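Please look at the structure shown here together with its sequence. The report that follows takes up the DNA strands and then the relation between the protein chains.

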Number of protein chains: 2
Amino acid sequence: MDENIRKRLHEMRKNGYKITPQRQEIVNAFLDSSRKLPLSAEEVYMKVKEKYQNISLDTVYRNLAVLQNLKIINRVNFHDVKSRYELNPGGDHQHHMICLTCGSAEPINFCPLKLLSENNFAAEKNFEIREHTFELFGYCSTCRERAIIDNA
Amino acid sequence: MDENIRKRLHEMRKNGYKITPQRQEIVNAFLDSSRKLPLSAEEVYMKVKEKYQNISLDTVYRNLAVLQNLKIINRVNFHDVKSRYELNPGGDHQHHMICLTCGSAEPINFCPLKLLSENNFAAEKNFEIREHTFELFGYCSTCRERAIIDNA
DNA sequence: TCCTAAATAATATATATTCTTATTTACTAG
DNA sequence: CTAGTAAATAAGAATATATATTATTTAGGA
Ligand SMILES: [Mn+2]
Ligand SMILES: [Mn+2]
Ligand SMILES: [Zn+2]
Ligand SMILES: [Zn+2]
């Protein structure tokens with residue numbers, strides 16, 4: 001996936017974007033992160049700061065917006081106040097199961113839109129769908145097992 | 001629906017809640033609103049202020065939280081930064097089609113969870129679902145028609 | 001009517017995000 | 001390789017949303 005992402009990063013130039021060190025490092029923050037929880041702007045900021053002490057939070061936000069437009073990353077909004085962002089290797093989208101205990105976000109290989117289109121739902125309503133959200137909140141298997149042990 | 005909501009409001013007393021004028025007026029703000037767009041805290045605040053000039057925004061937030069716990073209203077999170085709230089006549093939950101032009105939010109009579117449980121999805125993953133979100137964003141029929149006329 | 005837990009207003013604080021402006025830099029065309 | 005320029009940046013101020021603190025008031029039961 002790294003290659004895919006890097007390739008798309010370099011294609012930015014065609015659209016008049018520049019590839020600055022800060023911009024690259026912001027993408028690296030995502031590539032380096034092994035976490036299942038998508039990164040907040042603040043977390044990206046802290047990571048990039050290790051290499052570029054002077055980077056401003058504004059630069060992070062600006063780049064997150066740009067990368068989002070290019071579909072290199074996706075913004076995901078959980079119950080949390082702040083937005084989170086994750087790499088988007090497929091250039092598509094992703095739904096999640098988010099654990100209310102540990103905060104992990106596991107992708108779901110299911111999209112409810114498929115079913116809606118089979119049902120001809122939007123056509124009937126004359127509504128032109130452009131985007132959608134679908135997220136599950138609950139308790140992941142790890143946290144559930146731990147809860148059982150703790151209660152024993 | 002007004003009766004249903006008012007009944008549930010009065011049942012609050014049983015749980016140790018008091019029915020203050022401010023609290024009633026906050027519920028009225030929702031009952032009076034004919035808008036399809038759920039109300040933001042700020043909008044509720046402005047509405048209640050017409051009657052109680054001294055109400056504090058904090059009181060609005062506090063009551064929105066209380067009413068949410070009692071399932072009298074639901075919080076809905078659209079793309080927007082701020083949260084919005086709507087009456088919950090069924091005491092259940094509701095998904096929406098939100099228009100990116102006019103902001104209207106039409107309820108959808110479809111919940112993707114039904115299908116997931118048929119598929120035994122969560123059971124396989126060992127994930128205990130507690131909450132979920134599902135919202136469609138796009139263009140409503142009214143705005144689509146208007147766009148066609150404007151272009152003619 | 002009195003008592004008390006609950007609710008309130010006022011104010012301060014926290015947190016996330018965006019805006020403004022002066023300066024620097026990545027890229028391109030010559 | 002250089003120079004010109006649009007794009008990007010850092011710094012800091014500003015805005016927006018939401019929450020916490022505290023002293024005072026009030027709803028509703030005893
Ligand atoms: Mn989907
Ligand atoms: Mn549902
Ligand atoms: Zn977990
Ligand atoms: Zn519309």
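## Terms and model

A polar contact is a pair of N or O atoms within 3.5 Å; within protein, one atom must be able to donate a hydrogen and the other to accept it, and residues adjacent in sequence count only if both atoms are side-chain atoms. A polar side-chain atom of A:Lys18 lies 2.9 Å from a base nitrogen of DNA strand C.

This is a predicted model, in which local features need pLDDT of at least 70 and side-chain atom pairs count only at pLDDT 80 or more, while totals for chains, interfaces and linings use all residues. Residues are numbered from 1 along each chain as its sequence is written, chains are lettered from A and ligands numbered from 1 in the order in which they are written, and side-chain values use heavy atoms, with hydrogens and water left out.

## Around DNA strand C

A residue is near a strand if one of its heavy atoms lies within 4 Å of it. Around DNA strand C there are 21 residues, of which A:Asp58, A:Tyr61, B:Thr20, B:Thr59 and B:Arg62 come nearest.

In chain B, an N or O atom in the side chain of B:Thr59 is 2.5 Å from a phosphate oxygen of DNA strand C, and for the side chain of B:Arg23 the distance to a phosphate oxygen of DNA strand C is 2.8 Å.

## Around DNA strand D

DNA strand D also has 21 residues around it, and those that come nearest are A:Thr20, A:Thr59, A:Arg62, B:Tyr61 and B:Lys82. With B:Ser83, by contrast, a backbone N or O atom lies 3.1 Å from a phosphate oxygen of DNA strand D.

## How the chains are related

Which rotation superposes chain B on chain A? When the copies are superposed by least squares on the C-alpha atoms of residues with pLDDT of at least 70 in both, the rotation is 179°, with 0.0 Å of shift along its axis and an RMSD of 0.3 Å. That is the relation of a two-fold axis. Of the residues of chain B, B:Phe134 comes closest to the rotation axis, with its C-alpha at 2.2 Å.
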